[in-house]
Amino acid sequence: MNAKELHDKTPDQLRDELVSLKKEAFNLRFQQATGQMENTARMKTVRRNVARVKTVLNQKAAQAAAE
């Protein structure tokens, strides 16, 4: 997922994406705690994707407030 794809989405779609990413991060934390995690790099990518979605949401909110 890149920022260009996120800019094309509506704020509602971004919020849904954020919820699903947070659920995935939660599940990955449990897998890590129980020693079942196979792809440890997935944690990093999920965290970064959450940050990207939040950044785009904040940009859209700031843009809407400026108009």
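These legends describe close-up views of a predicted model.

**View 1. The largest nonpolar core.**
This core has 13 residues, and L14 and V53 are those with the most contacts inside it. Helices α2 (11-34) and α3 each supply at least two of its residues. The largest share, 6 residues, comes from α3. In soluble globular proteins, nonpolar side chains tend to be buried together.

**View 2. The salt bridge between R42 and E24.**
The structure holds 3 salt bridges, and one of them joins R42 to E24, with the closest N and O atoms 2.8 Å apart. R42 lies in helix α3 and E24 in helix α2, so the pair ties together parts that are 18 residues apart in sequence. R42 counts as partly exposed, at 30% relative accessibility. E24 is also partly exposed, with a relative accessible area of 26%.

**View 3. The salt bridge between D12 and R15.**
The closest N and O atoms of D12 and R15 are 2.9 Å apart. Because the two residues are 3 residues apart in helix α2, about one helical turn separates D12 from R15. D12 is exposed, with a relative accessible area of 53%, whereas R15 is partly exposed at 43%.

**View 4. The salt bridge between K9 and E17.**
K9 pairs with E17 in a salt bridge whose closest N and O atoms are 3.6 Å apart. K9 has 27% relative accessibility and therefore counts as partly exposed.

**View 5. A positive surface patch.**
K44, R47, R48 and R52 form this patch. R52 lies in helix α3, which covers residues 41-66. With 33% relative accessibility, R52 counts as partly exposed.

Conventions: Residues numbered from 1 in each chain as written. Predicted model: local features only at pLDDT ≥ 70, side-chain atom pairs only at ≥ 80, totals over all residues. Heavy atoms only, no water. Patch = residues over 30% accessible without salt bridge, like charges linked within 9 Å, V, L, I, M, F, W, Y side chains within 5 Å. Areas by Shrake-Rupley, 256 points an atom, 1.4 Å probe, with all protein chains shown as cover. Salt bridge = Lys/Arg side-chain N within 4 Å of Asp/Glu carboxyl O. Lys, Arg positive; Asp, Glu negative; His and termini not counted. Charge placed at Lys NZ, Arg CZ, Asp CG, Glu CD. Helix = DSSP H or I, 4+ residues; strand = E, 2+ residues; numbered from the N terminus. Buried < 20%, exposed > 50% of the residue type's maximum accessible area, 1.4 Å probe, protein only. Core = buried A, V, L, I, M, F, W, Y, C linked by side-chain atoms within 4.5 Å.
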